Amino acid sequence: MLDAHAHISFKKFNRDRDEVLERCRRAGVGVVDCAVTRATLERSLELSSSHDFVHSTAGVHPYKVARLERRELEALLDCIERSVEQLVALGEAGLDYHLDAESAEEQREVFKAVASLAREYSMPLVVHARGAEEEALHVLLELEVERALFHCYGGSLETAMRIVESGYVISLATNLCFSEHHRELARALPLESLLLETDSPYLSPFKGRRNEPVFVLKSAEELAGIRGIPKREVVRVTTRNARRFYGI
Ligand SMILES: [Zn+2]
């Protein structure tokens with residue numbers, strides 16, 4: 001199986017990253033690691049070059065946009081562009097009006113910059129959208145981004161259906177294990193457009209425990225229960241969808 005989005009390059013894994021990766025290897029769980037700073041990008045590239053089941057993406061998280069100075073932002077974008085050949089996708093990038101509504105204008109600008117890079121290099125784009133799913137979809141359509149994944153999706157079912165009808169895909173995170181809204185989405189969305197992710201270290205399905213990529217198997221189990229189909233079928237289809245999206 002593949003965890004379609006996680007942050008194992010984050011500091012939260014510094015203490016026991018090898019053990020976490022070893023658990024992935026033993027369980028047959030691949031990881032798409034998402035870097036959002038220059039330091040995590042460097043670490044992520046080390047991980048993906050030394051582990052054949054780890055893949056890297058890199059972007060600018062919308063929450064960071066207002067917290068980085070202009071030249072830091074530009075340096076990060078440069079760094080991403082220089083690493084583009086070692087990445088399986090660009091992002092996460094997008095719009096988050098829950099975490100930070102004040103920087104909306106800057107967020108739009110940076111999102112468009114990353115989306116344009118994705119277009120320029122014909123790469124898939126991982127989108128982070130919260131409180132702005134519909135707007136993010138408009139940006140993608142306007143910029144004619146070919147492949148996009150709405151990661152950790154939590155918006156409305158109506159918008160989700162429009163995303164899917166536009167040919168983009170949606171990834172549900174491990175909050176599927178405890179959120180009624182996410183279970184509702186999992187029940188209604190076409191399996192052909194669904195991916196599963198943990199967004200580790202966040203959104204653990206186990207209270208008080210840090211999330212990690214192998215827990216994506218817990219989501220597969222939940223999704224199987226919700227849809228009334230075998231877990232192996234969920235694993236097969238969501239992994240195929242993820243591989244197809246990232247081209248891995
Ligand atoms: Zn993330």
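This is a predicted model: local features need pLDDT of at least 70, side-chain atom pairs count only at pLDDT 80 or more; totals for chains, interfaces and linings use all residues.
Helices, at least four residues long, and strands, at least two, are DSSP runs numbered from the N terminus.

Let's start with the overall picture. The protein has 10 helices and 8 strands. Its radius of gyration is 17 Å, close to the 18 Å that the globule rule gives for 248 residues, so the protein is as compact as a globular protein of that length. Along the principal axes, the C-alpha atoms fill a box of roughly 50 × 40 × 35 Å. Of the 248 residues, 48% count as buried. Take the contacts with a separation of 6 or more, and 69% of them come from residues 24 or more positions apart.

Now zoom in on strand β7, residues 169-172. Val169 and Ser171 point one way from β7, Ile170 and Leu172 point the other way, and all are buried. On one pairing, β7 runs parallel to β6 (residues 148-150) over 2 bridges, with valine 169 as the bridge partner of leucine 149. To get from β6 to β7, the chain passes through helix α7 (residues 157-165), in a right-handed β-α-β crossover. Strand β7 is also joined to β8 (residues 194-196), in parallel, by 3 bridges, and here isoleucine 170 stands opposite leucine 194. Helix α8 (residues 180-188) carries the chain from β7 to β8, and this β-α-β crossover is right-handed.

Some of these residues turn up again in the largest nonpolar core. That core has 74 residues, and those with the most contacts inside it include Leu149 and Leu172, along with Leu90 and Leu125. Beyond its neighbours within four places in sequence, leucine 125 touches a list of residues that includes Leu90, Gly91, Ala118 and Ala148.

A cis peptide bond, with omega about 20 degrees, joins glycine 91 and glutamate 92, and glutamate 92 sits in strand β4 (residues 89-96). Another cis peptide bond links serine 200 to proline 201, with omega about 10 degrees; proline 201 is in the loop between β8 and α9 (216-227).

Serine 122, in the loop between α5 (104-120) and β5 (125-130), is not a glycine either and has a positive phi of about 50 degrees. Which of them is buried and which exposed? Aspartate 199 is buried, because 24 other C-beta atoms lie within 10 Å, while serine 122 is exposed, with 9.

Terms used. Residues are numbered from 1 along each chain as its sequence is written. The radius of gyration is taken over C-alpha atoms; the globule rule is 2.2 Å times the number of residues to the power 0.38. A residue is buried if 20 or more other C-beta atoms lie within 10 Å of its own, exposed if 12 or fewer, and partly exposed in between; C-beta atoms are placed from the backbone. Two residues are in contact if their C-beta atoms, placed from the backbone, lie within 7 Å. Two strands pair if DSSP finds at least two bridges between them. A crossover is right-handed if, with the strands pointing away from the viewer, the path from the first strand over the helix to the second runs clockwise. A nonpolar core is a set of buried Ala, Val, Leu, Ile, Met, Phe, Trp, Tyr and Cys residues joined through C-beta atoms within 7 Å.
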